[in-house]
Amino acid sequence: MHRRSSTRACALIASSLVAGGTLVAVPAVGAVAAPHDAPAAPKNIILLISDGAGYNQFDAASLYESGTSAHQVSVDPKTGAIAHSESTPGQSYETWPVQVGQAHYSASGRAEYVTEKAWGDFAWVGSGATDSAAAGTALGTGVKTNNGVLGFTPGGDQLLTVGEQAQAVGKKVGLVTSVPFNHATPAGFIAHNANRNDYQGLATEMIDSGVDVLMGGGHPMYTDAHEPRDPNWTWISQTDYERVSTGATDYAFVDAKGDFEALAAGTDVPEKVFGLAQVAETLQYNRPGLANDEALPYSDPANDVADLDTLTRGALNVLEQGDEGFFLMVEGGAVDWAGHANQTTRVIEEQIDFNDAVEAVSEWVEQNSSWDETLVVVTADHETGYLAGAGAGPDTGWTPLTGAAGELPDLTWHSGGHTNALVPLFARGAGSEVLDARADQWDLVRGAYLDNTAIGETIFDFLGHADPASKDAVALEATVGGQIAEGALSLSVAAHGDRVAFAGAGASLDATLPLVTVADTRNEVRAQGRGWTIAGSASEFVAGNRTIDAENLAWTPRIVRSESGAAAGAQATLAAPATLAAADRVTRVGSTVVGADLDLSVPADAVGGRYGSELTLTLFAQD
């Protein structure tokens with residue numbers, strides 16, 4: 001998504017070089033909070049994650065529901081042409097004040113996101129992507145790790161999770177999902193395990209973590225068709241299941257649909273809840289009819305279990321008890337499962353279910369809290385399935401999803417795995433501007449984006465620190481200004497105001513252009529994916545009523561020194577604008593000093609005299 005820019009211009013006149021110089025500044029973008037700004041820390045933080053949902057998964061649900069989309073683009077990797085379709089928000093969060101992108105690569109795999117590569121080669125984002133464990137760890141700790149790892153650095157050091165820090169400062173913690181309660185994403189906010197597939201070990205740690213709400217699938221006594229079965233201990237051990245279901249822990253155990261609904265209605269709300277929906281894995285995704293991927297959503301009878309919306313409302317009723325505030329993570333986990341299977345029907349169902357949970361949260365904020373004390377963030381952990389429009393592919397590039405309300409969108413899938421494509425992030429409420437400020441990188445198509453670690457870092461900053469364990473200890477806290485300033489693109493000319501005199505005799509005169517310095521300190525958002533070019537052109541030489549055309553003046557540019565890797569322009573005449581130096585978006589940052597040799601060819605019929613001209617220098621942002 002693109003931040004709206006406001007234009008500012010200033011002029012720097014360097015008169016009589018042979019010349020003067022004019023600087024035209026690049027457009028500015030939305031202001032970034034200064035390091036000394038201290039936004040109020042939210043009392044409650046609610047993070048909703050549509051696992052596996054890129055921009056197109058979000059739009060696929062809106063197209064089915066209303067025939068509208070908000071994020072569709074056409075991109076031709078051969079020409080670089082980018083066209084944004086008309087944006088009509090289909091969801092309330094698509095009107096929120098903070099709308100940026102999110103990068104999510106892991107420490108293993110490709111371990112980078114490069115906008116030119118992502119949009120210059122259709123295949124690039126399709127390999128080397130993060131998994132949900134590494135992404136969940138980044139979101140839940142603010143630190144990158146390797147795929148398959150939860151709560152540890154790549155070197156094996158245990159990380160503090162935001163769930164643990166929330167507990168340390170006295171806040172309640174809730175983790176809710178539409179897939180097994182101990183799947184990678186919820187586990188990333190409270191657990192530590194070098195193997196994300198150690199589900200029984202994760203279940204034990206999460207149950208013993210002291211969090212106030214755990215809800216999801218993974219019931220050992222039911223199939224994914226919500227039918228009783230012989231016990232299956234894949235997701236939870238028999239010992240742990242018996243502990244939570246018989247009252248041997250602090251949790252009130254909930255598994256029946258009616259009990260979830262009663263909790264959501266606020267009837268007899270306990271202090272802690274372990275909610276295990278009566279399905280083997282997913283609330284609805286794995287129900288019978290999974291092969292019907294061309295049927296309309298909801299054609300297959302639904303499981304008679306509580307949905308994610310209901311689980312979310314119940315969790316909020318538990319967590320809002322008391323005055324300390326809380327951290328809640330809600331995951332629409334089966335969007336990812338549908339993406340792996342390229343199951344269009346159910347990716348729409350699961351995204352709609354996720355959207356309903358977001359609406360439940362928004363209603364709770366407005367009825368039971370306020371946007372002044374609660375921060376709500378809606379995002380994804382990665383994209384799954386490489387969803388694109390009809391006809392998209394390596395030769396044609398990216399095409400928009402299209403479709404009418406009540407119909408399956410016209411789309412194509414290009415992977416059965418995760419991709420490195422950016423995903424959206426929406427935020428509203430107390431402190432949301434901090435996430436906006438942290439989006440200091442720029443994508444050629446999606447605009448400003450942040451890294452997924454910035455989300456965990458921001459949550460830690462809002463949570464703050466626990467009181468000292470000892471009464472003899474003195475608590476210290478220092479606020480370090482870590483936000484990157486917007487920066488600027490500027491031009492200066494040495495010996496400003498001095499006239500440059502040509503030397504020599506006869507048909508050829510020469511001079512040296514005063515050294516010109518270009519300084520580029522713009523962050524990526526201010527630069528908006530553009531490098532810079534400095535160009536010059538001269539007026540005709542005049543002596544009274546005698547003239548010499550500017551076509552007779554040429555320069556030969558040279559780079560004196562450059563921190564940015566800028567390149568000198570070619571030798572050229574100066575009757576029309578000619579490039580003195582240029583740098584692209586990758587090499588632009590830093591200071592560059594440019595010089596040039598000036599050569600004036602005197603026409604044979606020129607009348608003698610003292611001629612003057614002006615050389616105008618213009619600095620501008622360049623794609």
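A111 is partly exposed, with a relative accessible area of 32%. You will find A111 in the loop between β4 (98-103) and α2 (115-120). Look at the backbone there. A111 has a positive phi of about 60 degrees, although A111 is not a glycine. Why point that out? Most residues other than glycine have a negative phi.

Before we go on, a word on what you are looking at. This is a predicted model. The mean pLDDT of the protein is 91, and 93% of the residues reach 70 or more. One stretch needs care. Over residues 1-36 the pLDDT is below 50. That stretch still has 115 contacts in the model beyond near neighbours in sequence. Where pLDDT is low, the predicted coordinates should not be read in detail.

Back to phi. Q528 also carries a positive value, near 55 degrees, and Q528 is not a glycine. Q528 sits in the loop between α14 (524-527) and β21 (531-538). Is Q528 buried or exposed? Its relative accessible area is 17%, so Q528 counts as buried; the cut-off for that is under 20%.

Now the whole protein. There are 623 residues, and 54% of them count as buried. The secondary structure comes to 14 helices and 29 strands. Along the principal axes, the C-alpha atoms fill a box of roughly 105 × 65 × 45 Å. What about contacts across the sequence? Take contacts between residues at least 6 apart. Of these, 75% join residues at least 24 apart.

Next, the inside. In soluble globular proteins, nonpolar side chains tend to be buried together. Here the largest nonpolar core has 56 residues. Which residues have the most contacts inside this core? They are I46, L48, V176, M215, L328 and V378. Helix α11 (residues 344-368) gives the most to this core, with nine residues. There is also a second, separate core of 49 residues. Among its members are F189, A203, L276 and I455.

Zoom in on L48. Leave out residues up to four places away in sequence. L48 then touches V330, F354, A357, V358, V361, V376, V377, V378 and T379.

Stay with α11 for a moment. S362 lies in this helix. S362 is buried, with a relative accessible area of 8%.

Which residues make the contact? From α1 come Q57, F58, A60, A61, Y64 and E65. From α11 come V347, I348, Q351, I352, F354 and N355. Sort the residues of this contact by type, and you get eight nonpolar, three polar and one charged.

L311 is buried, with a relative accessible area of 0%. Setting aside neighbours within four places in sequence, L311 is in contact with V176, T177, M215, G216, F260 and A306. Two of those names, V176 and M215, came up in the list for the largest core. Now compare positions. L311 and S108 are 203 residues apart along the chain, and their C-alpha atoms are separated by 34 Å.

Next stop, L214. L214 is in strand β6 (residues 213-217). At 0% relative accessibility, L214 counts as buried. Residues up to four places away aside, L214 touches L175, M206, I207, Y251, V273, F274 and G275. From L214 to T618 is 404 residues along the chain, with 61 Å between the C-alpha atoms.

Where is T145? T145 is in the loop between α3 (132-141) and α4 (162-168). What surrounds T145? Neighbours within four places aside, T145 is in contact with S106, A107, S108, A134, T137, F152, T153 and P154. Take A107 from that list. T145 and A107 are 38 residues apart along the chain, yet their C-alpha atoms are separated by 4.9 Å.

Terms used: Residues numbered from 1 in each chain as written. Predicted model: local features only at pLDDT ≥ 70, side-chain atom pairs only at ≥ 80, totals over all residues. Heavy atoms only, no water. pLDDT = per-residue confidence, 0-100. Contact = heavy atoms within 4.5 Å. Core = buried A, V, L, I, M, F, W, Y, C linked by side-chain atoms within 4.5 Å. Buried < 20%, exposed > 50% of the residue type's maximum accessible area, 1.4 Å probe, protein only. Helix = DSSP H or I, 4+ residues; strand = E, 2+ residues; numbered from the N terminus. Nonpolar A, V, L, I, M, F, W, Y, C, P; charged D, E, K, R; others polar.
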